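Please look over the sequence and the structure shown here before reading on.

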There are 2 protein chains.
Amino acid sequence: MPRAWSLKSRPHGMPRGSDFALVEIDSAPLGEGEVRIANRWLSVDPYMRGRMNDVKSYVPPFALGEPMQGGAIGEVVESRAASVPVGTKVQHMLGWRDEAVVPGDQVQKLPDLGVPDEAFLGQFGMPGMTAYFGLLEVADAKAEDIVFVSAAAGAVGSTVVQIAKAKGMTVIGSAGGADKCAWVKSLGADAVVDYKAGDVVRALAEAAPKGIDVYFDNVGGDHLDAALLAARMDARFAICGMIDIYNDGKPQSLKYLAKVIGARIAIKGFIVSDYMARAAEFYRDMGGWLAEGKLQREETVHDGLDAMPDAFLGLFTGGNTGKMLVRV
Amino acid sequence: MPRAWSLKSRPHGMPRGSDFALVEIDSAPLGEGEVRIANRWLSVDPYMRGRMNDVKSYVPPFALGEPMQGGAIGEVVESRAASVPVGTKVQHMLGWRDEAVVPGDQVQKLPDLGVPDEAFLGQFGMPGMTAYFGLLEVADAKAEDIVFVSAAAGAVGSTVVQIAKAKGMTVIGSAGGADKCAWVKSLGADAVVDYKAGDVVRALAEAAPKGIDVYFDNVGGDHLDAALLAARMDARFAICGMIDIYNDGKPQSLKYLAKVIGARIAIKGFIVSDYMARAAEFYRDMGGWLAEGKLQREETVHDGLDAMPDAFLGLFTGGNTGKMLVRV
């Protein structure tokens with residue numbers, strides 16, 4: 001019997017293992033147009049924490065007792081959809097399980113870019129697109145800009161660093177701990193801030209003595225405050241995530257918010273799905289940079305469906321360098 | 001001897017009377033091209049608090065012991081500038097004093113709009129332009145939008161309410177106390193929030209059950225948080241001022257900031273001087289609305305140069321309805 005993780009109880013604060021239950025799911029015969037997929041790679045992403053709350057947001061909350069959803073990559077093992085024959089490698093949104101039945105028109109065949117399948121859950125998938133459109137469209141970053149990106153060792157942040165460098169920008173990344181900072185530096189970052197080593201406001205002021213023009217926010221909190229203080233005239237902030245508060249939900253305390261007035265800062269929130277129709281631009285540019293050897297990737301892999309809650313929780317404790325994945 | 005207010009000591013927190021000193025200033029002979037102006041009306045504005053700190057900002061700090069500056073309206077009483085003869089009514093930036101010597105090319109003749117002179121320090125001056133460009137350009141507000149404006153009984157806010165109504169928008173204004181709220185309602189506001197009567201977050205949620213598309217911020221703090229919670233998809237926030245923190249400088253605590261992501265909120269700070277080159281648009285539209293009887297005005301007037309610090313401090317304790325002025 002296929003198995004899936006369901007949400008047993010809505011977490012308050014940091015989720016615990018007991019909030020999740022591994023349940024058996026039906027292996028029903030396929031309907032016309034459907035395919036059965038053996039999942040090989042499952043994605044865990046910070047945004048999923050929001051779906052565990054019973055709050056209307058840009059994606060509906062997970063239903064209690066039902067299999068959760070998320071990005072997944074697998075292989076078609078049975079097909080009643082002519083366009084997606086057995087053996088096709090596909091990406092779809094019925095993750096958190098080892099087997100999925102999906103309408104053939106709701107899966108995406110993996111583009112042929114010469115990267116391993118699992119890269120389409122990271123740098124060549126949703127996190128990569130988030131980095132690409134957030135930096136280049138939402139923040140409108142240009143070659144002469146000084147860019148600060150938080151969580152720069154994460155799936156999104158590490159791609160922001162590399163796209164920024166490929167475009168000729170100056171980049172400062174923040175990460176937690178010497179190992180991650182060293183990796184971010186190896187990706188081309190001009191300077192790195194270790195937020196675990198001390199006050200991030202002071203550290204950014206030192207790392208960016210000329211200030212910053214763009215802030216790509218994955219974190220919120222002190223990182224956002226540091227960016228406000230460092231912001232130059234007409235700075236643009238793309239707000240992608242605020243992982244600092246996904247669990248505790250506490251108010252964010254900002255000492256330098258009034259700087260938006262004098263420095264005419266523009267702060268803009270965004271969701272990558274708004275840019276899905278422009279995926280071709282992303283694949284074209286990323287394919288080019290990949291061919292030029294300008295893109296590196298790291299994955300932190302947990303093995304087995306059983307490990308999925310641990311992988312998810314690791315996102316909030318800095319457990320990953322690059323994309324966090326589960327290999328089924 | 002002419003007299004001027006100078007800054008004796010830099011205030012910490014709310015300024016005290018002892019931070020200001022009324023000093024005699026030179027009444028030197030005019031140089032070529034200069035005019036001597038007998039000031040009739042002096043402006044006090046919240047932004048002046050920022051100039052009292054020794055901090056680089058979009059305007060330089062006031063120098064200790066020197067006459068302070070600010071908007072003023074007066075009459076030319078002596079002239080060595082052919083284009084500005086004796087008797088001309090002018091606006092200029094050497095306020096906080098009863099007499100000023102200014103190069104003739106740095107004064108503006110009052111436009112002929114049929115309003116009293118002092119209106120050019122308020123609704124037809126810098127505060128009015130702030131309202132006009134902040135609402136229509138920075139926030140890009142349109143007829144179908146629901147607009148929330150804080151400090152709606154102030155010089156800027158009361159003009160935002162009236163421009164928004166003239167343009168067919170739905171408007172909710174906040175003000176402190178029943179009298180001010182009644183005045184804001186009389187200006188055409190569809191709903192009013194009395195921030196002194198209770199929690200502004202809850203009050204806005206009740207006053208705007210459908211949410212808001214635009215927030216014009218004069219206050220920051222709880223008002224900003226209320227606007228974040230109420231914001232609909234693609235809401236735009238024009239950040240004009242944050243009077244809540246001009247004195248105490250304490251961090252702003254925002255519970256709903258993460259909403260910028262899901263609702264794709266755009267927050268933009270601005271300074272009215274960026275729009276000075278477009279003053280003609282402002283005078284054209286305001287003149288039209290004035291002729292149509294769509295603009296009302298209120299002024300809170302203190303009499304005599306001696307009263308100037310009291311007038312200024314009153315800005316921070318809700319002492320004004322409409323524009324706060326000093327009549328010399």
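Predicted model: local features only at pLDDT ≥ 70, side-chain atom pairs only at ≥ 80, totals over all residues.

Leaving aside residues up to four places away in sequence, Thr88(A) touches Val76(A) and Lys109(A). Thr88(A) belongs to the loop that runs between strand S4 (72–79) and strand S5 (89–92) of chain A. Since it has 19 C-beta neighbours inside 10 Å, Thr88(A) counts as partly exposed, because a residue needs 20 or more such neighbours to be called buried. From Thr88(A) to Thr300(A) there are 212 residues in sequence and 25 Å in space, taken C-alpha to C-alpha.

For chain A the average pLDDT is 95, and 100% of the residues score at least 70.

**Two domains in chain A**

Chain A is divided into domain 1, which takes in 3–122 + 298–327, and domain 2, which takes in 126–273. The centres of these two domains of chain A, taken over C-alpha atoms, are separated by 28 Å. Where they meet, 15 residues of domain 1 of chain A are in contact with 16 residues of domain 2 of chain A. The side of domain 1 of chain A that touches domain 2 of chain A has, by class, 4 nonpolar, 8 polar and 3 charged residues.

In chain B, Gln123(B) lies in the loop between strand S7 (108–109) and helix H2 (126–138). Is Gln123(B) buried or exposed? It counts as buried, with 28 C-beta neighbours inside 10 Å. Not counting residues up to four places away in sequence, Gln123(B) touches Gly128(B), Thr159(B), Leu295(B), Arg297(B) and Lys323(B). One of these, Arg297(B), is 174 residues apart from Gln123(B) in sequence, while the two are 7.1 Å apart in space, C-alpha to C-alpha.

Asp140(A) has a positive phi of about 50 degrees although it is not a glycine, and it is found in the loop between helix H2 (126–138) and strand S8 (146–149) of chain A. In chain B, Asp140(B) likewise has a positive phi of about 50 degrees without being a glycine, and its place is the loop between H2 and strand S8 (146–149) of chain B. Asp140(A) counts as partly exposed, with 14 C-beta neighbours inside 10 Å, and Asp140(B) is partly exposed, with 14 other C-beta atoms within 10 Å.

**How the two chains are related**

Two copies of a chain are related by a rotation about an axis and a shift along it. Here, chain B is superposed on chain A by a rotation of 180 degrees with 0.0 Å of shift along the axis, at an RMSD of 0.0 Å. That is the relation of a two-fold axis. The same surface serves both copies, in that 100% of the contact residues of chain B recur in chain A.

In the contact between the chains, 26 residues of chain B meet 26 residues of chain A. On the side of chain B that touches chain A, strand S13 (252–254), helix H7 (259–262) and S14 each supply at least two residues, and S14(B) gives the most, with 4 residues. By class, that side of chain B has 16 nonpolar, 7 polar and 3 charged residues.

**Strands that pair**

The pairings of strands, two of them between the chains and one within chain B, are set out below.

| Strand | Partner | Sense | Bridges |
|---|---|---|---|
| S14(A), residues 266–269 | S14(B) | antiparallel | 3 bridges |
| S13(A), residues 252–254 | S13(B) | antiparallel | 3 bridges |
| S12(B), residues 231–239 | S14(B) | parallel | 4 bridges |

Which residues stand opposite one another in these pairings? Ile267(A) stands opposite Ile267(B) in S14(B), and Ser253(A) stands opposite Ser253(B) in S13(B). Within chain B, Ile267(B) in S14(B) is also the bridge partner of Phe237(B).

In a regular strand the side chains alternate between the two faces of the sheet. In strand S14 of chain B, Ala266(B) and Lys268(B) point one way and Ile267(B) and Gly269(B) the other way, and all are buried.

**A covered helix in chain B**

Helix H6 (residues 221–230) of chain B is mostly covered, with 9 of its 10 residues buried. Among the buried residues of H6(B) are Asp222(B), His223(B), Leu224(B) and Asp225(B).

Note on methods:
Residues numbered from 1 in each chain as written. Chains lettered and ligands numbered in written order. Domains from an automatic or database assignment. Contact = placed C-beta atoms within 7 Å. Nonpolar A, V, L, I, M, F, W, Y, C, P; charged D, E, K, R; others polar. Least-squares fit on C-alpha atoms with pLDDT ≥ 70 in both. pLDDT = per-residue confidence, 0-100. Buried ≥ 20, exposed ≤ 12 C-beta atoms within 10 Å, placed from the backbone. Pairing = 2+ DSSP bridges.
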